[in-house]
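Here's a quick briefing to read with the model open on your screen. Have a look at the structure first, then work through the topics below.

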Amino acid sequence: MSKVAIITDSNSGITQAAAKEIGVFVLPMPFMINGQTFFEDIDLNQAEFYEKLETGADISTSQPSPEAVMNLWDEVLKEYDEIVHIPMSSGLSGSCQSAMMLAEDYDGRVQVVNNQRISVTQRQSCLDAKLLAAKGMNAREIKDFLEADKFNSSIYIMLDTLYYLKKGGRITPAAAAIGTLLKLKPVLQIQGEKLDAFAKARTTNQGKTIMINAIKADIENRFGGDTADKHIWMQIAHTNNEEAALAFRDEILEVFPGYDIHIDPLSLSVACHIGPGSLAFACCKKIEV
């Protein structure tokens with residue numbers, strides 16, 4: 001049986017420490033902050049990032065260099081026969097396409113998964129890949145399985161501020177001003193490639209209700225309904241908002257009792273564009289092997 005390694009990037013929310021516990025490898029995402037390069041969870045932690053963000057530092061995201069990607073692959077392939085590489089969604093970054101091009105030089109030993117996930121749903125793909133490898137699948141079979149399963153997840157994100165969307169040019173200053181005046185809490189969704197608008201809430205409580213109802217509808221209409229065996233993974237993510245995330249979990253459990261809900265900070269690549277104070281609710285259908 002082929003010895004298969006699972007590699008992802010830090011957009012999955014998996015820290016270097018957690019990666020060792022899980023048994024995967026994590027490629028840190030680079031950031032330019034006031035002209036200096038930092039790497040997520042290497043020399044830039046969550047607290048440092050938000051401190052720099054809130055003081056108005058010039059922050060931009062980038063994709064890992066080809067050298068960083070290939071150096072990691074080459075090192076891992078000294079111990080493993082094959083690699084399944086799970087980057088962030090191809091619709092949100094060019095790092096997936098770049099990895100696919102680099103993998104062409106590895107004679108099939110590196111399989112890059114384009115299953116259009118990020119954050120807690122990307123993390124779940126890594127756990128699924130580990131399970132599939134343990135069941136005896138090779139890297140190509142795992143890639144094909146995960147890509148066929150890519151639409152069996154949902155993620156909804158409620159923003160606390162429109163400032164960072166405006167700063168990044170993703171909405172106009174006029175739209176941001178109107179939204180701020182009306183105290184709107186936009187709810188975004190990731191379904192497939194894109195990060196899209198989903199709804200507008202007037203209050204945080206209304207936004208949380210919108211996300212819970214959206215997940216409830218997805219489970220009912222797309223994932224086979226709520227079942228006694230709890231065949232859905234549920235996750236919460238946040239940007240520097242852990243206390244609210246813990247409270248949100250209690251509210252979700254009132255609607256979905258008995259579920260184990262995983263909580264993670266959103267990756268810094270996402271936080272850079274939406275700012276602190278956000279909450280996300282996600283789910284993934286459990287794979288059948």
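There are 0 disulfides in this structure, a disulfide being a pair of cysteine sulfur atoms within 2.5 Å. Cys 126, for one, is in no disulfide, and the nearest cysteine sulfur, from Cys 284, is 11 Å away. Keep in mind that this is a predicted model, where local features need pLDDT of at least 70, side-chain atom pairs count only at pLDDT 80 or more, and totals for chains, interfaces and linings use all residues. Residues are numbered from 1 along each chain as its sequence is written, and side-chain values use heavy atoms, with hydrogens and water left out.

**Cysteines and burial**

- Cys 126 counts as buried because its relative accessibility is 0%; buried means under 20% relative accessible area, exposed over 50%, and partly exposed in between, with a 1.4 Å probe and protein chains only.
- Cys 272 also counts as buried, because its relative accessibility is 10%.

- S3 (residues 30-33) and S4 (residues 36-39) run antiparallel and are joined by 4 bridges.
- The S3 and S4 hairpin leaves 2 residues between the strands, and Asn 34 in the turn has a positive phi of about 50 degrees.
- On the S5 side, S3 pairs in the antiparallel sense over 3 bridges. Ile 33 has Ile 59 as its bridge partner there, and Phe 31 stands opposite Thr 61.

**Nonpolar cores**

- The largest nonpolar core has 28 residues, and those with the most contacts inside it are Phe 31, Ile 33, Leu 44, Phe 49, Ile 59, Ile 155 and Ile 157. A nonpolar core is a set of buried Ala, Val, Leu, Ile, Met, Phe, Trp, Tyr and Cys residues joined through side-chain atoms within 4.5 Å.
- At least two residues of this core come from each of S3, H2 (46-54), S8 (153-158), S9 (185-191), H11 (268-274) and S13 (279-285).
- H11 gives the most to this core, with 5 residues.
- Apart from this core lies another one, of 24 residues, including Ile 212, Ile 232, Ile 263 and Leu 279.
- Leaving aside neighbours within four places in sequence, Phe 49 is in contact with Phe 31, Leu 44, Ile 59, Leu 268, Ala 271 and Cys 272. Contact means heavy atoms within 4.5 Å.

**Helix H5**

- H5 (residues 119-134) has 16 residues and reaches 23 Å from its first C-alpha to its last, close to the 22 Å expected at 1.5 Å a residue. The expected span is 1.5 Å times one less than the number of residues.
- H5 is mostly covered, with 12 of its 16 residues buried; among them are Thr 121, Cys 126, Asp 128 and Leu 132.
- Thr 121 lies in H5 and counts as buried because its relative accessibility is 2%.
- Beyond its neighbours within four places in sequence, Thr 121 is in contact with Ser 153, Ser 154, Gln 235, Ala 282, Cys 283 and Cys 284.
- Just after H5, Gly 136 takes a positive phi of about 105 degrees.

**Helix H9**

- H9 (residues 204-221) has 18 residues and reaches 26 Å from first C-alpha to last, close to the 26 Å expected at 1.5 Å a residue.
- Buried residues in H9 include Gly 207, Lys 208, Met 211, Ile 212 and Asp 218.

**The Gly 23 loop**

- Gly 23 lies in the loop between H1 (16-22) and S2 (25-27), and counts as partly exposed because its relative accessibility is 28%.
- The C-alpha atoms of Gly 23 and Leu 127 are separated by 9.3 Å, though the two are 104 residues apart along the chain.

Terms used
Pairing = 2+ DSSP bridges.
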